[in-house]
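I opened this model to go through its fold, its helices and its side-chain pairs. My notes are below the display.

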Amino acid sequence: MDGSMWWLLWLVAAVVLGAAEFVTLTLFLGLLAGASLVAAVAAGLGASVPVQLLVFALTGGVGLAAVRPIAKRNLELPPPSREGSDALVGRSALVTREVTADGGLVHLSGEDWSARAFDEDLVIPPGVRVDVFGIEGATAVVHPRDPLPDPLREPDPLEE
C-alpha cells in the first residue's frame, strides 16, 4: 500500500468504528474512532506507520483513561428520588372507611386519602392494612396486604 494512502485507511476505520459505536453504545468504540481520526491526521502530515500506530494507541489510551472515571462515577449515582404523590406508591396504609371500586378512605403517610380498590370486585373493610399500588389524582389505588377473610364462610369454632 502506498504510504500516502494510510490517512484514508485511518479515516475509513474511524467511520466504521463510529458507526459501530452508534449501534452498540459501548463508548469504547467511540474512543477508538476518535483515536483513528487522530492517526489519520498524523498520516496526512506524513508520519510513518509505526508513529501512526503509536499515535492511535496513545490517543485511545488517554481517551479511555480520561473518560472511564467519569463514566464510572455516573454509573454509581443513586437512583433519582421519587417526589410528591409518586413517593407514596408502594407504601402501606390503613383503611379508615370501607374501600370499594367506587371509593373509600385510608390513612396514608399521616393524612387521610380518598381511595379505591385496585380490584373492582373487592370490598376492603375498615382496619385492614393495604398497599398503595398507585395514585390517580388525589385518590390512592390500594389492595389488601393480606388475604381478606371470606364473608360467606362460617366461622370455625376451633379457630377461636
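The entries run from the overall layout to single residues and pairs.

**Ground rules**

The model is predicted, so I note that local features need pLDDT of at least 70, side-chain atom pairs count only at pLDDT 80 or more, and totals for chains, interfaces and linings use all residues. Residues are numbered from 1 along each chain as its sequence is written, and side-chain values use heavy atoms, with hydrogens and water left out.

**Entry 1: layout**

I looked up the secondary structure. The protein chain has three helices and five strands. Helices (H or I, at least four residues) and strands (E, at least two) are DSSP runs, numbered from the N terminus. Along the sequence I read α-α-α-β-β-β-β-β.

Next I checked burial. Of the 160 residues in the protein chain, 26% are buried. Buried means under 20% relative accessible area, exposed over 50%, and partly exposed in between (1.4 Å probe, protein chains only).

Then I checked contacts, meaning heavy atoms within 4.5 Å. I took those between residues at least 6 apart in sequence; 44% of them join residues at least 24 apart.

**Entry 2: Glu21**

Which side chain of opposite charge is nearest to Glu21? It is Arg68, 14 Å away. Glu21 is buried and has no salt bridge. For charge, Lys and Arg count as positive and Asp and Glu as negative; His and the chain ends are not counted. A salt bridge needs a side-chain nitrogen of Lys or Arg within 4 Å of a carboxyl oxygen of Asp or Glu.

Glu21 sits in helix 1 (residues 6-24). Its side chain reaches the backbone nitrogen of Leu27 at 2.8 Å. I also listed the contacts of Glu21, leaving aside neighbours within four places in sequence: Thr26, Leu27, Phe28, Leu29 and Gly30.

**Entry 3: helix 2**

I checked the length of helix 2 (residues 28-44). At 1.5 Å a residue, its 17 residues should span 24 Å. The end C-alpha atoms are 24 Å apart, which agrees. The expected span is 1.5 Å times one less than the number of residues.

I then looked for buried positions in helix 2. Among them are Leu29, Leu32, Ala35, Ser36 and Ala39. The buried residues of helix 2 pack against helix 1 and helix 3 (49-75). After helix 2 comes Gly46, with a positive phi near 95 degrees.

I picked out Leu31, which lies in helix 2. Leu31 counts as buried because its relative accessibility is 19%. Not counting residues up to four places away in sequence, Leu31 touches Gly63, Leu64 and Val67. I also took a C-alpha distance: Leu31 and Ala14 are separated by 9.6 Å and are 17 residues apart along the chain.

**Entry 4: aromatic pairs**

How many aromatic pairs does a search of the whole structure find? It finds two. Rings of Phe, Tyr and Trp (its six-membered ring) pair if their centres lie within 6.5 Å; planes under 30 degrees apart count as stacked, over 60 as edge-to-face and the rest as tilted.

Trp10 and Phe56 form a tilted pair, 5.2 Å centre to centre, with 35 degrees between the planes. This pair links distant parts of the chain: Trp10 is in helix 1 and Phe56 in helix 3, 46 residues apart. Trp10 is buried, with a relative accessible area of 9%. Phe56 is partly exposed at 21%.

Phe118 and Phe133 have ring centres 5.0 Å apart and planes at 65 degrees, so the pair is edge-to-face. Phe118 is in the loop between strand 3 (111-117) and strand 4 (129-136), and Phe133 is in strand 4, 15 residues apart. Phe133 counts as partly exposed, at 43% relative accessibility.

**Entry 5: salt bridges**

I found two salt bridges in the structure. In one, the side chains of Glu136 and Arg116 meet at 3.0 Å, N to O. Glu136 lies in strand 4 and Arg116 in strand 3, so the pair ties together parts 20 residues apart in sequence. Glu136 is partly exposed at 48% relative accessibility, and Arg116 is partly exposed at 25%.

Arg145 forms a salt bridge with Asp131, the closest N and O atoms being 2.7 Å apart. Arg145 lies in the segment after strand 5 (139-144) and Asp131 in strand 4, so this pair ties together parts 14 residues apart in sequence. Is Asp131 buried or exposed? Asp131 counts as buried, at 18% relative accessibility. Arg145 counts as partly exposed, at 44%.

Methods: Polar contact = N/O pair within 3.5 Å; in protein donor to acceptor, adjacent residues only side chain to side chain.
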